[in-house]
Amino acid sequence: MMIRQEMVRTLEFDRILQEVSRYCHSGVSRDAIFAIFPFSVQDEITGRFGMVAEIRRLTAQGVPLRISSFEDVTPVLEKLRPVGAVLAPLELVSFIPLLRTLAAVATQLAYRTDIPLLREMAGAVTGFPDILDPLERSLDAEGNILDTASRLLFDLRTRKRGLTARIRKRLEEIVRERDITVFLQDDFVTQRGGRWVIPVRMDAKGQVQGVVHDVSNSGETAFMEPLEIIGLANELENLTAEEKVEEIRILREICGWIREDAAEIETQQAILIHLDLLNSIALFADSLDASEPRIGAGLELKLVQARHPILLLLQREGGVAKTVPLDLSLGGDESVMIITGPNAGGKTIALKTTGLLLIMALSGIPVPADESSAFPLLDNLLVDIGDEQSIESSLSTFSAHVANISSILGRAGQRSMVLLDELGTGTEPVQGAALACSVLQELQEKGALVLATTHLTDIVGFVHRRDGMVNASMEFDRETFTPLYCLKRGEPGQSHALEIARKYGLPGSVIERAQGMIGRMESEFHSLLDDLKAQRLKYDQTLADLERRVRVVEEQEKLLDARRAGWERERRESLEKAFRDSKDIVAGVKRELNFILEEAKRERSRTSMKKLVAVEEQVEQKLREFDQASSLTLDQVREGDAVFVRTIGFDAVVQKVDAKTGRIRVQAAGKELEVPLADIGKRTGAAPKPAKKPRKKEAEREQAPLELHLIGLRVEDALLKLEPFLNHASLDGIGEVRIVHGKGTGALKRGVREYLDGHPLVASFRDGEPFEGGAGATVVRIK
């Protein structure tokens, strides 16, 4: 998008960037923010909007990006590029904040799946832990090399501190010795030239054995190193030299590691700068409660509840009164809009709001407007607004306007937006209006979108008569003579100069004389405007009445919804009662089954089995009472019929009907199994779900179980689990399963084996091997 720098300043986009930069964490990020400019490719705009939206979503979730202050390390990396170059410790310290921030961001983004755009852009960030760890271990914030930098350095410094302590202690003993004290100038211990010394009177220096390293300014004191500590001091010098060598080795090693990864460090720093820029935009957008508008390829401009961002910030700081939102649409059949209205009524604000939000949107910065707002992807934004210093006043001359408009006409085209303030002013009104109308027609013929303001009634009439152009006005309260700052499309406004002059104290005689000088045609024109406003008020009242009727209809719909909800509640209560009745039946049957099973344990006779069959018939009869529509009798089941099998949840084909036992053999999913008549219902059309092609781990996880644990269950409860277990094992083609029942009293084992004996799906069963559970488990081979 082409836009001159002075136009950016006129629309105050630079102030927006300044506000955005308040949220960044480094000087290099600030430079990147001030370099933001409108994109010319739609994918770049939507991409930035998408990443900003992901950051705002993270912030809303309470996990904002972990970006801390960091420095630009590019100059330091340039110094390090020559092989063998070694940086000063303080220069190496500048890498630590950068690498820490990179590591924090890498950790934060690593496992998230809800931020695909950020992952794509910053997924390669690592933070270089192999460099950060030794840096943090070796250097403090002031650039001092720490003892923990290496084991050798720690040992050398430990020995050095111990030796220094010995030297000080011995010197303190010497200055307290009686035969030495008489020759001392004072009783303190100090250093000169890196050597430990004591102050000896100059006239007595020959009485103390040692080496003179310095003399006081007065010449009366000689600083001597006693002879007996010279050996210790020399040893201390050697340790200091070894310490220096080790420090240089540590710095050289770290510099070598950084040099190897210099190019990748620069790349990841660039990613972090971009992340910091996006994060700053996101935080700025949150401060304004801004939205991401639509960016379209067509020439459609639509502002919904738009506000000037700078005025919005000033409002929140208490600097201005509440801002009035702007609703404006331009494009399609009407590409030129002329705004008229009183001075200080908000015309220029509307112009600047439109231009500034357009630049923000095309730069990928969310705008303070409703998300339904839309902006066209333009090639040019051309501006002629008289003021360049403030948002309220105009200082430009007519000649400057003409020169600027001449340049605009030369550059305008089909993908251009033109903003013109106070069009036709600064010269004789008739000629100025004629010139302005010609300019508007020229721009319309070039296909540009045009938004202009004016006070000239001749321009208003021209726009009203010409297709593709539309008048708009800034509303004015005629009772209080104050602007309302609300844009009304389709009707021109008035300057209300006489009313405003009267309000601000101009003498009444002057106002009346001026009123008499206004021409008859202009008076008629303003009367026409008043008539139009009255008609618009009537339409507004009609619209309000329609809205009231819509609300009444909505209330009636809510009442109907409430009634439907009541009917649904009654239906649920009826079903709940039926389910409770069913539950009572099941509980009664369960009690009777428990009694019969206990009797079977004692008698082990066929009588008990007959009782079980009788109970089963009773249960089936009760269930048929609740499910008359779907249940079947033995007479209704024929070989080859398709029936619904409740235990497997889909339809199967009847293979054989055993009237004696009341069991049905069916075929489903390529497998045969035998089920009781109670499990059979009318065909539903339900088919087995097609098997998905699972990954290996998923396949293992979804496979039918190979064993059934029954330990701790009563016999009747265990048998209820056993039947569906055998059915599913048969359907899945499993050849052998294991039933774990434990040893205990043996009652559960006997009950299980009696059930398995003669079961149509069981080929054989046996005790488990020692590794299979021994006598506490039964291994069943499925047919």
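The predicted chain has 783 residues, of which 42% are buried. Its secondary structure amounts to 25 helices and 23 strands. Contacts across the sequence are well represented: among contacts with a separation of 6 or more, 67% join residues 24 or more positions apart. The average pLDDT of the chain is 83, and 85% of the residues reach at least 70. Two stretches call for some care. In residues 387-396 the pLDDT is below 50, although this stretch has 19 contacts in the model beyond near neighbours in sequence. Residues 691-702 also stay under 50 in pLDDT, and here the model has 2 contacts beyond four places in sequence. Where pLDDT is low, the predicted coordinates should not be read in detail.

Helix packing comes next. Two packed helices are described by the angle between their axes and the distance between the axes. For helix α10 (residues 151-176) and helix α12 (residues 230-260), the axes come within 9 Å and cross at roughly 155°. Angles over 145 degrees count as roughly antiparallel, and α10 is therefore roughly antiparallel to α12. The crossing of α10 past α12 is left-handed. On the α10 side, the residues in contact include Leu 152, Leu 153, Leu 156, Leu 163 and Ile 167, along with Arg 157, Arg 159, Lys 160 and Arg 166. The α12 side includes Leu 232, Leu 236, Leu 239 and Ile 250, together with Glu 235, Glu 242, Glu 243, Glu 246 and Glu 247. Sorted by class, this contact has 10 nonpolar, 2 polar and 9 charged residues.

The second pair is formed by helix α7 (residues 95-110) and helix α13 (residues 262-288), whose axes come within 11 Å and cross at roughly 70°. Because angles of 65 to 115 degrees count as roughly perpendicular, α7 and α13 are roughly perpendicular to each other. This crossing, too, is left-handed. From α7, the contact draws on Leu 98, Thr 101, Leu 102 and Val 105, and from α13 on Ile 265, Gln 268, Gln 269, Leu 272 and Leu 275. The make-up by class is 6 nonpolar, 3 polar and no charged residues.

Helix α13 also takes part in the surroundings of helix α14 (residues 309-316). Within α14, Pro 309, Ile 310, Leu 311, Leu 312 and Leu 313 are buried. These buried residues pack against α2 (13-21), α13 and α15. Just after α14 comes Gly 318, with a positive phi of about 85°.

Two buried isoleucines are worth a visit in the viewer. Ile 365 sits in the loop between α15 (347-362) and β9 (374-376). With a relative accessible area of 0%, Ile 365 is buried. Leaving aside residues up to four places away in sequence, Ile 365 touches Phe 13, Leu 17, Ile 36, Phe 49, Ile 281, Phe 284 and Met 360. One of these, Phe 284, is 81 residues from Ile 365 in sequence, while the two C-alpha atoms are 9.0 Å apart in space.

Ile 782 belongs to strand β23 (residues 777-782). Its relative accessible area is 7%, so Ile 782 counts as buried. Beyond four places in sequence, Ile 782 touches Leu 726, Ser 730, Ile 734, Gly 735, Val 737, Leu 761 and Ala 763. Between Ile 782 and Phe 765, 17 residues apart along the chain, the C-alpha separation is 8.9 Å.

Finally, two non-glycine residues have a positive phi. Gln 305 has a phi of about 55° and lies in strand β6 (residues 300-306). Gln 305 has a relative accessible area of 36% and is partly exposed. Glu 422 likewise has a positive phi of about 55°, but its place is in the loop between β11 (416-420) and α17 (429-446). Since buried means under 20% relative accessible area, Glu 422 counts as buried at 17%.

Key:
Residues numbered from 1 in each chain as written. Predicted model: local features only at pLDDT ≥ 70, side-chain atom pairs only at ≥ 80, totals over all residues. Heavy atoms only, no water. Axes fitted to C-alpha atoms, helices over the stretch in contact; angles between N-to-C directions. Helix = DSSP H or I, 4+ residues; strand = E, 2+ residues; numbered from the N terminus. Parallel < 35°, antiparallel > 145°, perpendicular 65-115°, else oblique. Left-handed = near helix turned anticlockwise from the far one by under 90°. Contact = heavy atoms within 4.5 Å. Nonpolar A, V, L, I, M, F, W, Y, C, P; charged D, E, K, R; others polar. pLDDT = per-residue confidence, 0-100. Buried < 20%, exposed > 50% of the residue type's maximum accessible area, 1.4 Å probe, protein only.
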